[in-house]
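Let's walk through this one from the overall layout down to a few residues worth a second look. Keep the viewer open as you read.

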Amino acid sequence: MKKEIIGLAASDRQYRFEQDKLDILPQMCHECDVLFACHGECHKNHFLITSTGESGMNYLCEDWKAFFHRINFPMKIIVWLTCNRYLGSDAMRIIKLNENLLSNGHNDSCHRSNDRKFKFWQGHGKINRKR
Ligand code: SF4
C-alpha cells in the first residue's frame, strides 16, 4: 500500500496534474508568501475575479492566507523541537508562553504572582528533552 501511494505521488500523471494546476493560478497566487503551503488550494474554489481583473481567484483565499500566517510560528516551534530532539508536546507550552509575552507588557504584573513583574517569569519555562 505504501509503495503504491509513493508510486502515485511520483508518477508522471501526478506531476502533470500539479504542473497544470500551477499554470492556471492567477498572478496573485504566484506572488503569495504562502504559495508553498497553499498551492492555490482546490480549483473548484477558483471562481472569483482578482483585483486586477484576472479570473481564477480562490474564494477562500483570505481565510487560507490568515490560516497559514497563524500557524507559521507554531509550526516553526514544532519543527525546531523535533529537529533538536525535544518533545513535540512542549510546543503548546512555548506557544502559550509566547502569547503571554506578546499580550503582557514587560513591566505588567504577572497573573502567577501579583507582587512580581511579568519580566521575572520570562525564560522560566522549562522544556523536556526526549530520552
Ligand atoms: S492564500 Fe490565496 S493567493 Fe495565496 S496561494 Fe492560497 S489562494 Fe493563492
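Start with the order of elements: along the sequence, the protein chain reads α-α-α-α-β-β-α-α-β-β-α. That comes to 7 helices and 4 strands, where helices (H or I, at least four residues) and strands (E, at least two) are DSSP runs numbered from the N terminus. Keep in mind that this is a predicted model: local features need pLDDT of at least 70 and side-chain atom pairs count only at pLDDT 80 or more, while totals for chains, interfaces and linings use all residues. Residues are numbered from 1 along each chain as its sequence is written.

How much of the chain is buried? Of the 131 residues in the protein chain, buried ones make up 8%. Here a residue is buried if 20 or more other C-beta atoms lie within 10 Å of its own, exposed if 12 or fewer, and partly exposed in between, with C-beta atoms placed from the backbone. As for contacts (C-beta atoms, placed from the backbone, within 7 Å), residues 24 or more positions apart account for 34% of those in the protein chain with a separation of 6 or more.

Of its 12 residues the number buried is 0, so helix 2 lies largely in the open. Its length agrees with expectation, because 12 residues at 1.5 Å a residue should span 16 Å and the end C-alpha atoms are 16 Å apart; the expected span is 1.5 Å times one less than the number of residues.

Now for the ligand. Around it sit Met28, Cys29, Cys32, Val34, Leu35, Cys38, Gly40, Glu41, Asn58, Cys61, Trp64 and Lys65, a residue being near a molecule if its C-beta atom, placed from the backbone, lies within 6 Å of it. Helix 3 (27-30), helix 4 (35-38) and helix 5 (61-83) each give two or more residues to this shell, and helix 5 provides the largest share, 3 residues. By type, the shell divides into 8 nonpolar, 2 polar and 2 charged residues; Ala, Val, Leu, Ile, Met, Phe, Trp, Tyr, Cys and Pro count as nonpolar, Asp, Glu, Lys and Arg as charged, and the others, Gly among them, as polar.

Cysteine 32, one of the shell residues, lies in the loop between helix 3 and helix 4. With 19 other C-beta atoms within 10 Å, cysteine 32 is partly exposed. Cysteine 32 and lysine 65 are 33 residues apart in sequence, yet 8.7 Å apart in space, C-alpha to C-alpha.

Next, the hairpin. Strand 1 (residues 46-49) and strand 2 (residues 55-58) run antiparallel, joined by 3 bridges; two strands pair if DSSP finds at least two bridges between them. Isoleucine 49 has serine 55 in strand 2 as its bridge partner. The hairpin has 5 residues between its strands, and glycine 53 in the turn has a positive phi of about 90 degrees.

Most residues other than glycine have a negative phi. Histidine 39 is not a glycine, but has a positive phi of about 55 degrees. Histidine 39 is in the loop between helix 4 and strand 1 and counts as partly exposed, with 14 C-beta neighbours inside 10 Å.

Finally, follow helix 5: its 23 residues reach 31 Å from first C-alpha to last, close to the 33 Å expected. A kink of about 40 degrees lies at asparagine 72, shortly before proline 74; the bend is the angle between axes fitted to the seven residues ending there and the seven starting there. Just after helix 5, arginine 85 takes a positive phi of about 60 degrees. Arginine 85 counts as exposed, with 9 C-beta neighbours inside 10 Å.

Terms used. Two residues are in contact if their C-beta atoms, placed from the backbone, lie within 7 Å.
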